Amino acid sequence: MKNCRGQSYDNAQNMSGIYNGLQSRIKKSSSTAEFVPCSAHSLNLVGTFAAEETSVGNRFFMITQSLYTFFSGSTSRWKILENELNSISNSTLLKNLCPTRWSSRYFVCKSIKNGYKKIVVALQNISEDVSQRPATRHEALALFKKMKNLC
């Protein structure tokens, strides 16, 4: 450690904290180990905060996360979605929105872009399926309406 000349971490307090973070512990062992925040993590935070800056961006990503939660909460609903999306050659299944990775927002957008029409059809089918629980049908209808308002 005494030969360490630099250190770089994400912006989490437990890593970069100047009093109690790993940065300070290494600095005690090697006074020349300068800390530089990780550029990739910093850029990821910029992208994340930029996407959440507008009400439109917030609304879009909230809807996409609701879609993922709705379909992934049930194997039968996920299967309905899969069956709809299988007819599209370049489809991507819905993705979970990871708050710390900008790339997850890209994959979320890509899955919505490629499968928009089929996702809407799956929601409509679930909302009209009398074998589904009323709460499930209601949630599917609410998501259906939100998806239609995205256009």
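**Isoleucine 88 and beyond**

Biologist: Where does isoleucine 88 sit?
Modeller: Isoleucine 88 is in the loop between helix 5 (75-85) and helix 6 (102-128). Helices (H or I, at least four residues) and strands (E, at least two) are DSSP runs, numbered from the N terminus.

Biologist: What kind of model is it, and how are residues numbered?
Modeller: It is a predicted model, with residues numbered from 1 along each chain as its sequence is written. Local features need pLDDT of at least 70 and side-chain atom pairs count only at pLDDT 80 or more, while totals for chains, interfaces and linings use all residues; side-chain values use heavy atoms, leaving out hydrogens and water.

Biologist: Thanks. Is isoleucine 88 buried or exposed?
Modeller: Isoleucine 88 counts as buried because its relative accessibility is 18%. Buried means under 20% relative accessible area, exposed over 50%, and partly exposed in between (1.4 Å probe, protein chains only).

Biologist: And what does isoleucine 88 touch?
Modeller: Not counting residues up to four places away in sequence, isoleucine 88 touches Asn114, Gly115 and Lys118, where contact means heavy atoms within 4.5 Å. The C-alpha atoms of isoleucine 88 and glycine 115 are separated by 7.6 Å, although the two are 27 residues apart along the chain.

Biologist: Zooming out, how many helices and strands are there?
Modeller: The chain has 7 helices and 2 strands, and from the N terminus on they run β-α-α-β-α-α-α-α-α. It has 151 residues, of which 36% count as buried.

Biologist: How many salt bridges does the structure hold?
Modeller: There is 1 salt bridge, meaning a side-chain nitrogen of Lys or Arg within 4 Å of a carboxyl oxygen of Asp or Glu. Glutamate 82 forms it with lysine 79, and their closest N and O atoms are 3.9 Å apart.

Biologist: Where do glutamate 82 and lysine 79 lie?
Modeller: Both lie in helix 5, 3 residues apart, which is about one turn of the helix. An α-helix has 3.6 residues a turn, so residues three or four places apart point the same way. Glutamate 82 is partly exposed, with a relative accessible area of 24%, and lysine 79 is partly exposed too, at 46%.

Biologist: Next topic: which residues of helix 7 are buried?
Modeller: Thr136, Ala140, Leu143, Phe144 and Met147 are the buried residues of helix 7. They are on the same side of helix 7 because they cover an arc of only 110° around the axis; the arc is that of the directions from the helix axis to the C-beta atoms. On the other side of helix 7, Pro134, His138 and Asn149 are exposed.

Biologist: What covers the buried residues of helix 7?
Modeller: The cover includes helix 4 (55-72), helix 5 and helix 6.

Biologist: Last one: where is aspartate 129 found?
Modeller: Aspartate 129 is in the loop between helix 6 and helix 7, and counts as partly exposed at 25% relative accessibility.
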